[in-house]
Amino acid sequence: MKREWEEAHNVTEELVEGPPSRRANATLTPCPSGNYLWCVGGEFFSDDGKAYFYNDVYRYNPDKDEWRKFVSPTCPGPRSAHAVVASPAGGGKLFLFGGEFSSLYQNTFHHYRDFWCFDISTHSWDRLDTKIRPSARSGHRCARNASQYLNDTWVFDTQEYKWRQIEFKDTDRKPSARSGFSFLSTPEGIFYMVCYCKEYTKGKRPVGVMLDDTWFLRMSLETSPSPSSSTVSSDPLILKWERRKKPSFAPHTRSGCTMALWTAKGMGVLFGGVTDDERDEESLESVFWNDLYGYQLAGNGRWQSLTLKKPKKAGRSGKRKPAAVQQGQPEGSDDDDDAVKTHETKRPEEPDVDPDDPMLTAPIPRYNAMLAVLRNILYIYGGIFERGSREYTLDDFYSIQLDKLERYTCLKHSDIIIPAEGDESSTDEHDEDTESEEDDGSDDETRVDDAGLKFKVLIESPIDEVADEPVDVRRHELHAQATAFMGVSKDTTRSAEDVISTPEPGESLAMFYARSREYWTQKAHGVSENRGKQLRRDGFSFAEERYAEYKPILEEVEKILAEAGLDEDEMRAGAAQTGGGGGIVSNRNRR
């Protein structure tokens with residue numbers, strides 16, 4: 001048993017050249033037991049519409065400026081928009097809950113409700129299964145102190161490993177349902193601020209709403225039993241929501257901005273974000289930010305602008321004009337009325353730019369950047385920027401000394417070129433032509449489904465025919481076919497015959513035959529002279545043969561769904577839906 005446990009928890013460590021690949025909605029967490037940063041998961045949406053989700057774990061060492069990747073056999077499924085909180089207990093742990101997952105072509109979508117613990121000392125994952133736990137979700141937040149928007153509050157006991165939902169009275173004040181907020185922990189409680197939600201009105205399309213209210217979840221221990229307490233009487237923990245007054249000075253209302261806790265100063269640090277102005281149903285004007293603010297957590301709370309300090313000059317120095325727009329450089333102003341604008345604090349009123357201006361070192365505007373503060377240094381990784389209708393996932397890496405605020409240091413430049421407004425061109429037609437040429441030139445035997453999808457039918461072949469083909473290559477092809485099949489099974493344009501004659505993901509042979517018995521009996525009747533019980537046996541043989549063709553793909557689909565954290569009930573519910581009746585949820589939790 002010890003050997004089996006060791007094999008299941010065998011972790012490989014790899015030194016990599018730089019930060020993780022381009023991704024968004026990952027987590028960047030300061031290590032509770034060392035001078036490191038931990039990056040977990042994330043997502044990347046390519047220009048050809050494919051979605052890539054990750055479950056890898058990276059560690060950054062700022063002293064050596066090096067990244068290491070850790071791979072464990074027991075790890076959470078690929079996900080993004082999850083929540084991670086660090087604890088120094090037991091040598092340091094990272095607790096991960098929830099998140100979201102999408103198939104390659106975004107045909108299927110899933111919210112997680114699984115809970116994991118990463119042991120920093122052994123670099124291994126363990127899944128924590130509890131009977132009581134929060135519902136599936138993404139875009140949520142967790143903090144340590146001791147596609148529906150939710151406003152429930154849960155507490156996890158890291159000693160007893162139990163979840164408990166905090167029940168508040170209907171008369172108690174509490175925040176409305178929302179996502180994309182910031183959760184900052186203090187000794188007295190947790191700050192809850194800078195949020196986003198969508199308002200749904202019957203007969204109208206949903207409208208995004210940026211929320212700028214600030215709440216404080218005060219946490220205290222009850223000294224004597226109180227019947228008016230909102231918690232269970234046997235629990236001394238008391239939680240109460242308090243709304244903070246809006247200060248006279250505050251950053252421009254925005255969403256998609258990220259905040260990190262600067263423990264040494266008792267301050268929450270905010271960077272970037274986006275302000276959307278939906279004037280009507282067809283126009284959306286967005287302003288992107290790259291400014292830096294601090295929120296003092298003590299007292300009533302107040303905002304302050306963290307402006308970089310310009311170096312003192314002995315005399316007047318020459319000025320130069322700004323260079324072309326590239327990553328890490330200021331953007332020049334456009335005379336056109338652009339659909340997307342950027343707001344950069346480094347842009348002066350005059351056309352000339354001071355070469356010694358420290359704001360020239362600032363990252364370009366973005367939202368959903370990953371932030372972490374470690375020993376008075378703020379680290380900024382990636383994020384998302386939009387130009388016109390295109391979305392650019394960034395992979396640059398910056399740091400700034402918060403106690404000095406002299407200049408940004410670029411630890412990794414990005415090679416992504418963002419064209420000027422109006423220069424971007426769509427490559428969809430070119431991609432489609434390329435894919436078409438590749439399909440036409442393929443010599444592999446394929447089956448054309450009624451839904452229009454081409455995929456290889458995997459039939460067990462003699463060993464000598466596949467001996468020369470690497471196992472991982474066959475596995476990769478099988479995984480790609482299973483991912484494509486998941487999309488076809490949800491397609492509402494499929495013919496009735498194709499729906500009834502094709503097994504669904506999660507469907508056993510018995511379930512498949514019970515659903516399609518009449519179809520196969522009629523097919524057997526057309527080619528056989530048997531009747532009665534023998535005719536039904538012939539029909540079952542047809543169904544069994546059809547199921548055998550799809551069995552490798554169905555097994556791979558079940559693996560994909562299991563990796564995505566689906567419960568058995570959810571998988572059975574998915575198998576009960578045929579012909580794409582399940583519907584697809586579209587929610588990327590961008591802001």
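Student: Which residue forms a salt bridge with Lys-412?

Tutor: This is a predicted model, in which local features need pLDDT of at least 70 and side-chain atom pairs count only at pLDDT 80 or more, while totals for chains, interfaces and linings use all residues. Residues are numbered from 1 along each chain as its sequence is written, and side-chain values use heavy atoms, with hydrogens and water left out. A salt bridge is a side-chain nitrogen of Lys or Arg within 4 Å of a carboxyl oxygen of Asp or Glu. For Lys-412 the closest N and O atoms of the pair are 2.9 Å apart, and the partner is Asp-395.

Student: How many residues apart in sequence are the parts that Lys-412 and Asp-395 tie together?

Tutor: Helices (H or I, at least four residues) and strands (E, at least two) are DSSP runs, numbered from the N terminus. Lys-412 belongs to strand β26 (residues 408-412) and Asp-395 to strand β25, so the parts joined by this pair are separated in sequence by 17 residues.

Student: Does Asp-395 count as buried or exposed?

Tutor: Buried means under 20% relative accessible area and exposed means over 50%, with partly exposed in between (1.4 Å probe, protein chains only). Lys-412, at 24%, is partly exposed. Asp-395 has a relative accessibility of 11%, so the class that applies to Asp-395 is buried.

Student: With which residue does Asp-396 form a salt bridge?

Tutor: Side chains of opposite charge can pair when their charged atoms come close. For Asp-396, the closest N and O atoms of the pair are 2.7 Å apart, and the partner is Arg-366. Asp-396 lies in strand β25, whereas its partner lies in the loop between β22 (340-343) and β23, so parts that are 30 residues apart in sequence are tied together. Both members of this pair are buried, namely Asp-396 and Arg-366.

Student: Which residue in β26 stands opposite Phe-397?

Tutor: Strands β25 and β26 are antiparallel and pair over four bridges. Opposite Phe-397, the residue found in β26 is Lys-412.

Student: Which residues point the same way from β10 as Phe-115?

Tutor: In a regular strand the side chains alternate between the two faces of the sheet. In β10 (residues 115-119), five of the five residues are buried, so the strand is largely enclosed by the rest of the structure. Trp-116 and Phe-118 point one way, while Phe-115 points the other way together with Cys-117 and Asp-119.

Student: Which residue takes a positive phi in the hairpin of β10 and β11?

Tutor: Strand β10 pairs in the antiparallel sense with strand β7 (residues 93-97) over five bridges. It is also joined, again antiparallel, to strand β11 (residues 124-127) by four bridges, and there Cys-117 stands opposite Asp-126. The hairpin of β10 and β11 has four residues between the strands, and the residue with a positive phi near 60° is His-123.

Terms used: Pairing = 2+ DSSP bridges.
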